[in-house]
Amino acid sequence: MAPPSPHDRLFQAVFRCPRQTASWLASFLPAPVRQALDLTSLAPWPGQALGLRTRSHAADLAFTVRCRADGEGDDDAGPALLLVEHKSHAAPALAAQLLRYAVHLRRIAARRDAREPLVVAVALHHGDAPPAPRRPTHPPALRRLQPQLRYLVDDLHGVEEPALRRPGLLPLAQLALLALGTVRGMDGRSVLDALHRWRDVIAGVYADLGPPVAADAMEAFACYLLDQTDFTQEELQMHITDPYAYTADGKLTTGYKLRQEGRAEGRVEGRVEGRVEGRAEGLAAGKAQGLATALLRQLGRRFGPLPAAVDARVRAADPAALEGWLDRVLDARTLDDVFAG
C-alpha cells in the first residue's frame, strides 16, 4: 500500500475533525442538501476503522450525520452516512470508486443497525486539471441500467485565491483550502507572499483553537509547505509559529509585523548572498540587513531624519540587537530610548 501523499496528510489532519468538515461542507453544498442535513450532528463513523484486507474499500473519511424530515424543518429523519473522498490528481474512476465505497460501508452499517442508511458522497478535488469521468463506451440503453451513485465535488482547480476565502469557513478549514488550492507549483517567493496574505487566517487558527491544538494544526500546515517548497524548517517557523506573534484575542502583534517585515527582506537577500558565500552565512547576513532596513524605516517615520551615527550603528548591529530595538521602537518616547539598555 502506497504511503499517503503530502496532500492526503494535510487533508486528513484537518478534515478528520467533524467541526472543520462541517464548516467546509456548509461552504459549498447546494442549499437544498445543506438544509436537509444537520451538519452540527456530524460525528466520525467507527466503520471507517477497517483492517488492511478491506482498506481498498474505505473512503478517505466517513461520518454519520442526522437528516431532517424536509429541507426546512427540524424533525429528525434518521441518520445518513457521509463519505468524503480527496483527490489531488485526475480521477476518471471517482464515480465507480465512490459507488464501491458506498455499497461496502452500507453493508457494514446494515449489519450493525439492521437497516441500510442513506449515503451522501462528496469529494474535494484540487488536481492539475478538472476531474473528468471516463468517456462511456457502452450503448446508452445499457448504461442506463448500470448502478450509479450521484455525488458532489468541490473542485478547487483553477479557483483564484479570493474565491477560496469563503464566508463562514473556520480558519483552519480556510487555511487548508488555500494551501491545497494554491501552493502546488508556487516558487518560494510566491509562497512567502501568500503567507503574508494569509496572516489573518493564521491568527484566526490560534484564536479559534487555542494552545496546544493550534500548534499541532500549524505543524501539519508547516509539514505540507516543507513537502511542497524549498523552505527550511527554521524559515517556516519564523513565519507561522512565532510564539509572540499573537495577542490573547488572536490578533497579530505590531512587533511581530515589524520583525516579519525585516525577516521577509532578509530571506530574499540571504538567498542571494548564500549562492556566493554559502547558504548559512548568506541567510545570516540577509536577515541582519533586512532587519536593519525595517528598523531604519520605522525610526525615520517616528523621529524624522536620523543622525549618521545612528544609521551606522543600526547597519553594524547583529540580528538579536536589531530585533530588540524593533520591539521598542513604537513605545519609545525618544530616539535614545530605543537604544537604551
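Ground rules first. The model is predicted, so local features need pLDDT of at least 70 and side-chain atom pairs count only at pLDDT 80 or more, while totals for chains, interfaces and linings use all residues. Numbering runs from 1 along each chain as its sequence is written, and side-chain values use heavy atoms, with hydrogens and water left out.

Now the whole chain. It holds 16 helices and five strands. Those are DSSP runs, numbered from the N terminus: helices are H or I with at least four residues, strands are E with at least two. There are 341 residues, and 43% of them count as buried. Buried means under 20% relative accessible area, exposed means over 50%, and partly exposed lies in between (1.4 Å probe, protein chains only). The chain exposes about 17800 Å², with 54% of that supplied by carbon and sulfur atoms. Those areas come from the Shrake-Rupley method with a 1.4 Å probe.

On to helix α7, residues 171-182. Take its contact with α1, residues 6-15. The axes come within 10 Å and cross at roughly 165 degrees. Axes here are lines fitted to C-alpha atoms over the stretch in contact, and angles run from 0 to 180 degrees between N-to-C directions. So α1 and α7 are roughly antiparallel, a label for angles over 145 degrees. The crossing is left-handed: the near helix is turned anticlockwise from the far one by less than a right angle. Who makes the contact (heavy atoms within 4.5 Å)? From α1, His7, Leu10, Val14 and Phe15; from α7, Leu172, Ala173, Ala176, Leu177, Ala179 and Leu180. That divides into nine nonpolar, one polar and no charged. Nonpolar is Ala, Val, Leu, Ile, Met, Phe, Trp, Tyr, Cys and Pro; charged is Asp, Glu, Lys and Arg; the others, Gly among them, are polar.

Next partner: α9, residues 199-209. The axes of α7 and α9 come within 8 Å and cross at roughly 145 degrees. This crossing is left-handed. On α7, the contact residues are Pro171, Leu172, Gln174, Leu175 and Leu178; on α9, they are Val201, Ile202, Gly204, Val205, Asp208 and Leu209. Leu172 is named in the α1 contact and in the α9 contact.

Ala93 sits between β3 (76-87) and α4 (94-113). Buried or partly exposed? Ala93 is at 28% relative accessibility, so it counts as partly exposed. Its C-alpha atom is 9.6 Å from that of Pro131, 38 residues apart along the chain.

Terms used: Parallel < 35°, antiparallel > 145°, perpendicular 65-115°, else oblique. Contact = heavy atoms within 4.5 Å.
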